[in-house]
Every structure is written in C-alpha cells, then in structure tokens.
Amino acid sequence: MRDAAIGLAWLHHALGASLRAGWPMDDAGRAIIDVSAPLDEAACPRAGTRDFFNRLRHRLLSALERSRSLAAANGRHWPLPSAIRFLVAQDGAATAALRFPAPFQPEGVDWLEASQPRIGPQALWRGPRAEIRDVRLGYRLAFSQVEVDPPARDVRLIPVFPEVRPDIGVTTEIVWDLPQLCESVRRPGGYDVVNCTCGLADHSGLMSLAFVAHPDDDTVVWEIDIPGHRPALHPRWRDASGFLRLVFRRADYEADIRAMLDAVVNAGTPELPIDEYEPGRGGCTFESLQDLAAKNQWSRLPLLRPGVAVEFRVAQQDFMLFDRRPSRIYAPRLFTRWAASAAFDRWADGFLPGRELEVCRRARCDQAGEAFAAVLRRCFAEGSTAPGVTVCYRPCSDHRGHSSAP
C-alpha cells in the first residue's frame, strides 16, 4: 500500500491536476479513484490513465497474493480486500486504502490506509535517509539437507549488514547472492546483492536492485531503495521511502566478500559434502564459486565497453539501444546510483507499451527522458565507471512507434 501511494505521488508530480480530473471528491477535497474492480472505459475514458490505475491495482493485488501464500503455508488464512481505492489530494499527497470483509477488517476501522506526502521537483536529487560509512559485511552460514545418496546438503549465507532486520534468517528466505556480490567487486552497476533462496528476488518481496558505485579506487558505495528492500530491512524503515547509502573501504569490501567465498567453498565435510549453493542457477553455482576461489582473479572492469553509444527512446519494445542496436540488458543493471533509478521510473511511468503516445503528453515525456539521460551521464562519468560511453535520449518527435502515457 505504501509503495502504491508513493507511485501516485510521483505521477501527480508529473501530471498535476489532470490526474484528479473527472473523479468524485471526498469531504477533504481528495479525488476518489475506486479500483475495487478493474476500471473500464465508462469509469475512466482516458486509456493511459485507466491503464495506469489498473496496473497499480494489479501490482497491489499481486503483493497481497504473495502474502496470502505465505500465510497459507503457515496454516493461516485471510481474504483479498473487498474494496480498494486511491485518494489524491490537490497538493499531490496520495493515499492507498483497503477494506476487508468482516470479520477480517479491524473493529472500528473503516479503511486501512497508507499515505505519501507531496513529492516536489527536488525529490530526484534528495540525499539518502541515512548514510553509514566504513561498513563491514557479515554473514551466518546455514544449511539445508538434500535427499540424495550419499547424504549431502545445500549451503546459504544469511546477510549481516547495517539496518538489516534482526530476524532475517528466521522469518525470511532472504540470503546473500554471493555470485552477484563477487561481480560487484569487479564492476559497478545494479545487483541482487540480497536474493530469495529460489533465485527469484520478488518471491521474497525484494523489488529493487542495489545500486553499486565505484567512485574512486578506494571506495565502494551501495544505494539501497528502501521500499524495494523493505523485507530485508529493520522494521524502523517500514514506512520510509527514499534510499539508504552504505559506504565501504574497498579493501574491507573485497576482504569481506572473499571471506564469504572461502566460507562457502570450505563448508562441506567428508560426511556431508555441499551439493549446491543457494540461490542456485542451473545447478552449478557451487562449482562456479569453487572455480572463482581457485582462480582468485578480481580484476576491475568498467560497466560497459568503452566507446559504446547508449540511446533511450519511447518505443513499444526496444527502448534502449547500444550502438543503434536493441539491447536485452535489464536497464537497472546499468544504474550505479538511486537517482538514476528514480529518474528512469519517472520517465517510464509516462508511457505504456503498445499504445500511441498522446501528442499533449510528448513534451512532458521528453522532459523526463532528457532528465533521466542527464542523470545516467553523471553516473557514468563517476570514477572509471564507463569511460568513453555516451548516453542520449531521442525525443518523441524524432521517431515513430510511440507508446502511451497516462
């Protein structure tokens, strides 16, 4: 609910009063958008706005379904909400609200709500909610038995880092993703530094990468989106937005990750050898970690090959091009700072694949696209992140194949 409210506040910053037009108002002057059922053309004639609210509704229900599945696994039951609505105030403050059928709705509470205050233009550039320096990474080894003959077991690493939730190894399936950590030593970018044991981060509610910067030869920086990492973070961050910044001495960072690697490859015994590392990929992650430890090669690499020309455009599919050819890289893998992710989300929320972008929306979409490209250029210029790499945004008027905007 909190993430939905944040998304509404971001969109209001881009679209203003047009987001609130045509909806009934409550006594406080807030637009009431009822999405208990998917919006149709009669309820919301504007296709882009309708698609946006229906997507937001779908994401909210998907998150609730995951929680229901976890509850069912523990012998508990609770239903989906009977009513869902979004409230948008004139100043841009946004609220997501749910109501459950009796007897699941708390007594005396009409709606369960999560709110987000107005987000101003400075939001993309605000600093972290907290910055922690001289960080060290720790771990706890954990094992699970494997039904094979002869006996063996899988190994995982329970994360220990500043602001981690204290019960992370007991109430969650969240673990260090050691291959991703090792890669983050060598090159900057977006990484699943924490992951679900199954290898699909969103199965544990992790919805964002950690953005890893190498600003100089002696420093590594993480910027962690709080809503996207909330299941791994201390409860004090439960209602927070923005990001946390962790600053490492490079020597400490390498030493801590090498210690994890050594612990994993030496975790087996003659009686109980290691079958796999969790999260595993294709059944050979443990062998690849053994190979990495044996080679002991940790050379530094740039994020992208020097001289690459990166281009972004509004397109139905291929919105990112490398040297004018479509790239299949997941775009957030290129982000080394939280500001790049925030700017990308602001641009990407301005269009939807498969629909023509309304002429009246193209200028606003182009403005957000240019701002995103400028942030990414600044990230790439930091240290030796991406030497010789250029980034540009192609305005909507320069090409065909537009997508829609809400």
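The following legends describe close-up views of a predicted model.

In this predicted model, local features need pLDDT of at least 70 and side-chain atom pairs count only at pLDDT 80 or more, while totals for chains, interfaces and linings use all residues. Residues are numbered from 1 along each chain as its sequence is written, and side-chain values use heavy atoms, with hydrogens and water left out.

**View 1. Overall fold of the protein.** The protein has 9 helices and 18 strands, taken as DSSP runs numbered from the N terminus (helices H or I, at least four residues; strands E, at least two). Of its 406 residues, 51% are buried, where buried means under 20% relative accessible area, exposed over 50%, and partly exposed in between (1.4 Å probe, protein chains only). Among contacts (heavy atoms within 4.5 Å) between residues at least 6 apart in sequence, 63% join residues at least 24 apart.

**View 2. The second largest cavity.** A cavity is a set of points, on a 1 Å grid over the protein atoms alone, where a 1.4 Å probe fits but cannot get out. Lining residues, which have an atom within 4 Å of a point, are Phe161, Trp176, Val193, Val194, Ala210, Trp222, Ile224, His229, Ala232 and Leu233. This lining comprises 9 nonpolar, 1 polar and no charged residues; Ala, Val, Leu, Ile, Met, Phe, Trp, Tyr, Cys and Pro count as nonpolar, Asp, Glu, Lys and Arg as charged, and the others, Gly among them, as polar.

**View 3. Cysteine residues.** With a disulfide defined as a pair of cysteine sulfur atoms within 2.5 Å, the count comes to 0. Cysteine 196 is in no disulfide, and the nearest cysteine sulfur, that of cysteine 198, lies 3.5 Å away. Cysteine 196 is buried, at 6% relative accessible area; cysteine 365 is also buried, at 4%.

**View 4. Helix 8.** Helix 8 spans residues 338-348 and is mostly covered, with 8 of its 11 residues buried. These buried residues are Trp338, Ala339, Ala340, Ser341, Ala342, Ala343, Phe344 and Trp347.

View 5. The predictor's confidence in each residue, pLDDT (0 to 100), has a mean of 86 for the protein, and 87% of the residues reach 70 or more. Over residues 121-125 the pLDDT is below 50, and this stretch has 11 contacts beyond near neighbours in sequence. Residues 400-406 also stay under 50, with 45 contacts beyond four places in sequence in the model. Where pLDDT is low, the predicted coordinates should not be read in detail.

Note on methods
1 Å grid on protein atoms, 1.4 Å probe; cavity = no way out; pocket = protein on both sides within 12 Å on 5 of 7 lines; lining within 4 Å.
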